[in-house]
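Please look over the sequence and the structure below before reading on.

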Amino acid sequence: QEADHKLHTNLRPVAGPPGEAITESLASDSSERWRLGVHSIRENILGLDLLHWQLDYQESTYEQYDLQLQENPGSAFPPIPVRALQTVEDESFEQDQWTFSIRGEKQLGDHHIVSGIDYLHKDFSQLVDYTARDLINGTTSKSSAGVSYPGRSFPETKTSQTGAYIQNRWEISGAFSLQAGIRYDYFENDPESDAHYDNFNLSGTTIESQSEGEWSPHLGITYQFTDEQQVYLSYQTGFRAPPVDDQYLSRAILIPVPGVPHEIVPNSNLGPETSEGYELGWRWESAFWSASIAYYNTQYEDFIDSTTVGFRDRPPVFVGPTSIRQIQYLNVDEVEIDGVELKASLNLNALINMSWQADAFIGINVIDGENKETGNGLNSVGPDTAIIGLSLLHPSDNFGISWLLRTADEADDAEPLRRR
């Protein structure tokens, strides 16, 4: 995919001496991804009813180029020098990814047993370059707002995740079924710092490799009290490795507008989060409509959340209301997240005789997240939301129309953008 743009909306006067304006603005984006995979599905082999394995390799590249020319024709009175400054920013990203999975299934009487292994390995690299050229005197600069280029927002990193699991679905009767399983996850993140990463790592934070593993059992029971309706109760535990971006991302957005200047401070000590919770729900599936409602409650340990850890002044511009907010991903010792999800859909063709396929749907999500130590909300937990929609599909299946209305409550538990 490639796209080239002339950004005419950026052509405008800017702050500075009279006559100062952006006279040229160009942008180019390109991305490329190719994937090679092989898989096999075999039945009645090695004592299993079914054996499935898959191996995939994917290579992705992305490049973004931005050019901007800021000029001033100058004047004799008031004395304003002629100015022509061209800035070019070029960002590239590359990622190689291997995935492998193998799964076996076996039916033993009323027990359906599934076990398998998942593996993921990624190598990725990112580089941002910037050049400012004075077209009048011919000088160039490789720095902006005190940041030197080329730079990396995160270091070149190798990451791998391995999981192994086994689960059993036991059909106790025609109405009752019990599901039980356990999974083991292991991750390893291996970053490599260099001079380019150090250019963006303004806080000077040291980065380190990290690895850890965890067992996660789960248990659930389902009761099918009619052909169309069922209730379920599940207990699950979870393990989430810290995302590489959350651990090592280091980049500043320095625009002198109150509430905007901020920088991400890396945290090599960011650990994985674990969770334990339950969900109680009801589902109704019929030929013309479906509905479901569920309540969930999850307790987290070492929950990963972004937090303001301080403010940094950079005179003469970034001081006071435009101080640089320092944001870091940290582990919160104890967190509780609970909520209710409601979904419903209706086939309108059951009520209205029409040739088009028509469906209406609604979804409501009420969620609450709390830091158990402080009683405050969490930046990574969004507000309550609702969605209402209508979709129409032509009898040919070649085209359709969709209408959606999304609403969201005020995120009053999130940190304010402005400095308190």
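Predicted model: local features only at pLDDT ≥ 70, side-chain atom pairs only at ≥ 80, totals over all residues.

Two strands are taken to pair if DSSP finds at least two bridges between them. Strand 4 and strand 5 form a hairpin with 2 residues between them. Gly109, in the turn of this hairpin, has a positive phi of about 65 degrees. The two strands run antiparallel and are joined by 24 bridges, with strand 5 covering residues 111-134. Gln86 stands opposite Arg133 of strand 5.

Strand 6, residues 140-141, pairs with strand 5 in the antiparallel sense over 2 bridges. Here Thr140 of strand 6 stands opposite Arg133, the residue that also faces Gln86. Strand 5 and strand 6 form a hairpin too, with 5 residues between them, and Gly138 in the turn has a positive phi of about 85 degrees. Strand 9, residues 156-171, runs antiparallel to strand 5 and is joined to strand 5 by 14 bridges. Within this pairing, Phe124 has Thr157 in strand 9 as its bridge partner.

Strand 4 leads on to the open spaces, as strand 4 (83-108) is among the elements that give two or more residues to the lining of the largest pocket. The others are strand 2 (21-45), strand 3 (48-72) and strand 13 (252-253). Strand 3 gives the most, with 6 residues. The largest pocket has a volume of about 1,100 Å³. Of the 36 residues that line this pocket, Glu89, Tyr130, Ser144, Leu254 and Ile255 are the closest to its centre. By class, the lining has 24 nonpolar, 7 polar and 5 charged residues.

A search of the whole structure finds 2 cavities of 30 Å³ or more. The second largest cavity has a volume of about 40 Å³. Its lining includes Phe200, Leu202, Arg251, Glu263 and Val265, and by class the lining has 5 nonpolar, 2 polar and 2 charged residues.

The last stop is the largest nonpolar core, which has 8 residues: Tyr296, Tyr300, Phe303, Val332, Val335, Ile337, Leu378 and Val381. Strand 16 (289-312) and strand 17 (324-347) each supply at least two residues of this core. In soluble globular proteins, nonpolar side chains tend to be buried together. Leaving aside neighbours within four places in sequence, Leu378 is in contact with Phe303, Val335 and Ile337, among others. The contacts of Leu378 also include Asp305, Glu370, Asn371 and Asp413.

How values were computed:
Residues numbered from 1 in each chain as written. Heavy atoms only, no water. 1 Å grid on protein atoms, 1.4 Å probe; cavity = no way out; pocket = protein on both sides within 12 Å on 5 of 7 lines; lining within 4 Å. Points joined across faces, edges and corners; volume = space filled by probe spheres on them. Nonpolar A, V, L, I, M, F, W, Y, C, P; charged D, E, K, R; others polar. Core = buried A, V, L, I, M, F, W, Y, C linked by side-chain atoms within 4.5 Å. Buried < 20%, exposed > 50% of the residue type's maximum accessible area, 1.4 Å probe, protein only. Helix = DSSP H or I, 4+ residues; strand = E, 2+ residues; numbered from the N terminus. Contact = heavy atoms within 4.5 Å.
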